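Dear colleague,

Please find the structure below, handed over for your own work. My notes on what was found in it follow directly after.

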Amino acid sequence: MKISDCRFPIDHGVEIPQSENLKSAIGNSFGGTMLEIRNLHASVDKNEILRGINLTVNAGEVHAIMGPNGSGKSTLAHVLAGREGYEISQGEVIYDGKDLLGMLPEERAREGLFLAFQYPVEIAGVSNMYFLRAALNAIRKHRGLDELDAMDFLKMVREKIKLLEMDETLMNRPVNEGFSGGEKKRNEMFQMEVLEPKLAILDETDSGLDIDALRTVADGINRLRNPGRAIILVTHYQRLLNYVVPDYVHVLSEGRIVKSGGKELAHELEEKGYVWLEESGEPAKSGVSLR
Amino acid sequence: MDFIVSKVRLGKKETREFERGRMATKTDTIQSLVDREYKWGFVTDIEADTVPPGLDEDVIRLISAKKEEPAFMLDWRLNAYRHWASLEQAEAEPKWANVHYPAIDYESIVYYSAPKTKDRPKSLEEVDPELLRTYEKLGIPLQERAILSGVAIDAVFDSVSVATTFREKLAELGIIFCSFSEAAREHPDLVQKYLGSVVPYTDNFFASLNSAVFSDGSFVYVPKGVRCPMELSTYFRINAQNTGQFERTLIIADEGAYVSYLEGCTAPMRDENQLHAAVVELIAHDDATIKYSTVQNWYPGDKEGKGGIYNFVTKRGKCLGKNSKISWTQVETGSAITWKYPSCILQGDNSIGEFYSVALTNNYQQADTGTKMIHIGKNTRSTIVSKGISAGHGQNTYRGMVKILKGAEGARNYSQCDSLLLGDKCGAHTFPYLEVKNSTAQVEHEATTSKIGEDQIFYFRQRGLSSEDAVSMIVNGFCKQVFRELPMEFAVEAQKLLGVSLEGSVG
């Protein structure tokens with residue numbers, strides 16, 4: 001079902017109100033196709049890691065990609081973000097109507113693709129605030145919006161810092177330097193909230209978080225859910241999905257999506273483990289099969 | 001032919017702090033990255049008065065005569081020459097630095113080159129328009145108009161002073177700011193008293209050579225209790241082919257005086273290497289402060305390491321009086337080879353020496369730079385902050401000496417020495433020497449080495465910033481501690497320079 005007509009326009013100059021009713025709408029596809037991955041093959045050093053991924057994600061949807069270690073989850077996230085070092089031998093990816101694989105990583109980011117890193121890097125000497133403002137302004141410039149000066153930026157971020165229960169002093173510290181594991185992940189969520197992506201890919205954002213931090217991070221993700229935005233959660237555990245309820249769950253194994261389903265699939269995985277699926281064999285035509 | 005421009009800038013302290021804050025969050029300067037050429041590489045076509053290459057006593061006499069120097073200057077030059085000649089004979093050119101270059105043929109160098117002018121120009125109107133255009137191209141406004149907007153210039157073209165402004169205003173305060181040649185003619189007593197008092201002509205091979213042949217430079221004297229209200233600045237440029245550049249700067253701050261001095265340098269692109277051997281001497285009396293900032297952007301050679309300036313410089317300051325302070329700040333981005341150790345002799349009790357440095361080597365550039373802090377007086381303090389950036393095949397060496405003599409009761413030193421590597425073909429080296437002869441001294445040394453990794457660059461790019469932005473932001477962040485010591489105008493220029501100099505070092 002392709003309901004491109006009722007796609008919500010994204011105007012980042014205007015605050016899109018977050019509705020509580022959104023949750024009741026989960027499971028329905030709101031907008032047009034945000035991301036379409038067709039038969040994607042990718043390898044590192046001749047070692048094929050992605051072996052034919054097919055996935056369609058529409059605006060307004062939250063997809064969870066689960067799977068055992070080494071199944072290719074992080075590789076998929078990196079390939080979508082444009083990290084170097086992967087050879088794409090086959091397939092294509094259409095993002096928001098454009099050829100994603102033909103774009104530089106920074107172009108993808110400016111077009112609204114955001115990757116929350118599993119291991120955010122530390123950058124000495126560059127303050128968190130300065131970094132994020134430069135990033136926001138690069139994106140705003142690309143969208144034809146005025147760049148924000150320091151004062152406007154500060155006003156805008158203050159509120160978001162509070163919502164994420166972040167220590168405001170972290171803003172003036174170098175990016176991620178000396179941050180705890182939880183602080184790094186919160187910082188990723190903070191960046192995501194400020195940059196307001198169209199497509200957010202969260203790579204194991206839940207790993208290494210205690211329960212309180214997990215809840216804060218999940219709240220952040222839920223705040224971002226809206227009809228114009230798509231979210232892909234890459235996760236090993238079902239835990240996060242208790243707080244961020246996905247519309248679809250896909251299981252990745254040996255570089256293919258072997259099963260897709262609704263949120264209940266995650267619970268099934270929790271009970272039976274991944275072995276259950278690997279034994280059942282038969283790779284599913286994910287995403288598509290649900291429509 | 002070489003020429004030197006000196007300029008005076010009004011101090012605008014209050015606005016500077018504000019603007020600095022703004023600058024720190026502005027990425028516009030990085031836009032200049034797009035401009036990827038060494039844009040100062042042009043040659044000015046102007047008739048020059050040049051002596052034949054090679055060096056002997058006659059050349060020295062000729063230089064001295066052309067400069068209409070008093071007799072003591074000629075004697076001093078000749079003594080220096082004789083000392084240098086004996087060193088050259090003994091092949092005593094220093095070889096200890098961590099730099100490599102083919103032997104220099106001192107007989108092929110032209111030791112004096114000046115633009116041809118009938119008489120020394122008395123005002124800007126008499127200056128060769130070709131020369132004025134050159135300054136224009138270099139972004140140095142020379143016209144009086146510009147002065148009204150807060151910048152004033154003393155221009156010295158090819159060793160001869162051509163235009164001076166703001167002089168009267170300075171003279172009212174008793175400040176002397178002029179070319180070295182003029183100082184030798186008009187203030188021989190001061191020159192004779194201080195010349196060579198910090199860097200004697202026997203100091204080292206290149207200092208001896210400079211003492212014998214130096215063409216010009218700047219002279220500053222700030223009298224007792226006077227705070228110089230403007231930033232004094234000199235702009236050096238090498239223009240002529242096969243010419244060595246030998247300038248000499250002498251700055252004296254009398255009791256309680258304050259002066260801030262800036263120098264900048266560029267040179268045309270040429271395939272052969274050119275020698276630049278300068279000497280700078282600073283003298284600070286009781287309670288006086290001298291702040292000396294350099295942005296060095298001599299032509300670094302091409303991507304294959306062909307051409308470029310050999311920058312072999314001796315800079316030293318003497319904190320002669322109690323409570324005096326000398327602060328060196330340098331941003332070294334140019335030159336094929338840099339060999340330079342701006343140092344402080346902390347003779348007066350409670351005197352302070354500072355050294356803040358950013359040295360960048362890209363492609364095949366080599367730098368061996370650092371400082372010497374010699375603690376003689378009681379409770380003397382010194383701070384060393386050195387930031388080395390290596391990219392391409394660049395080799396960057398920090399060499400620093402902290403020497404605490406027996407009588408330096410309560411002396412303190414803090415040294416911080418950080419290296420940043422871009423890529424895997426460059427090198428960073430650190431040689432700190434500590435010599436402590438007084439047990440009450442406190443000496444600290446910290447050092448770090450880091451590398452800009454692919455992971456970091458990808459992180460920036462995933463947030464919408466280009467690789468160039470990523471490197472600029474990391475490098476500028478790395479250098480912040482030093483940049484904030486620079487006057488605003490220079491800080492911006494330094495940031496831009498780093499961007500341009502790192503061109504092509506990513507990806």
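In what follows, a helix axis is a line fitted to the C-alpha atoms over the stretch in contact, and angles run from 0 to 180 degrees between N-to-C directions. Please note that this is a predicted model.

With that definition, helix α5 (residues 181-195) and helix α6 (residues 211-224) of chain A have axes that come within 10 Å and cross at roughly 10 degrees. Angles under 35 degrees count as roughly parallel, and α5(A) is therefore roughly parallel to α6(A). On the α5(A) side, the residues in this contact include A:Lys185, A:Met189 and A:Glu193, and α6(A) contributes, among them, A:Val217, A:Gly220 and A:Leu224. By class, the contact comprises five nonpolar, three polar and three charged residues.

Chain A also holds an open sheet of four strands, ordered β2-β1-β4-β5, with antiparallel pairing. Its edges are β2 (47-58) and β5 (98-99), each of which pairs on one side only. Within the sheet, β1 (residues 33-44) and β4 (residues 87-95) of chain A are joined by seven bridges. Helix α1 (residues 73-81) of chain A packs on this sheet, where α1 touches β1, β2 and β4, and its direction makes about 70 degrees with that of β2(A).

Turning to the interface, 21 residues of chain A and 19 residues of chain B take part in the contact. On the chain A side, α2 (105-110), β7 (123-127) and α3 (128-142) each give two or more residues; α3(A) gives the most, with six. That side divides into 15 nonpolar, two polar and four charged residues.

Yours sincerely

Conventions. Residues numbered from 1 in each chain as written. Chains lettered and ligands numbered in written order. Predicted model: local features only at pLDDT ≥ 70, side-chain atom pairs only at ≥ 80, totals over all residues. Pairing = 2+ DSSP bridges. Contact = placed C-beta atoms within 7 Å. Parallel < 35°, antiparallel > 145°, perpendicular 65-115°, else oblique. Nonpolar A, V, L, I, M, F, W, Y, C, P; charged D, E, K, R; others polar.
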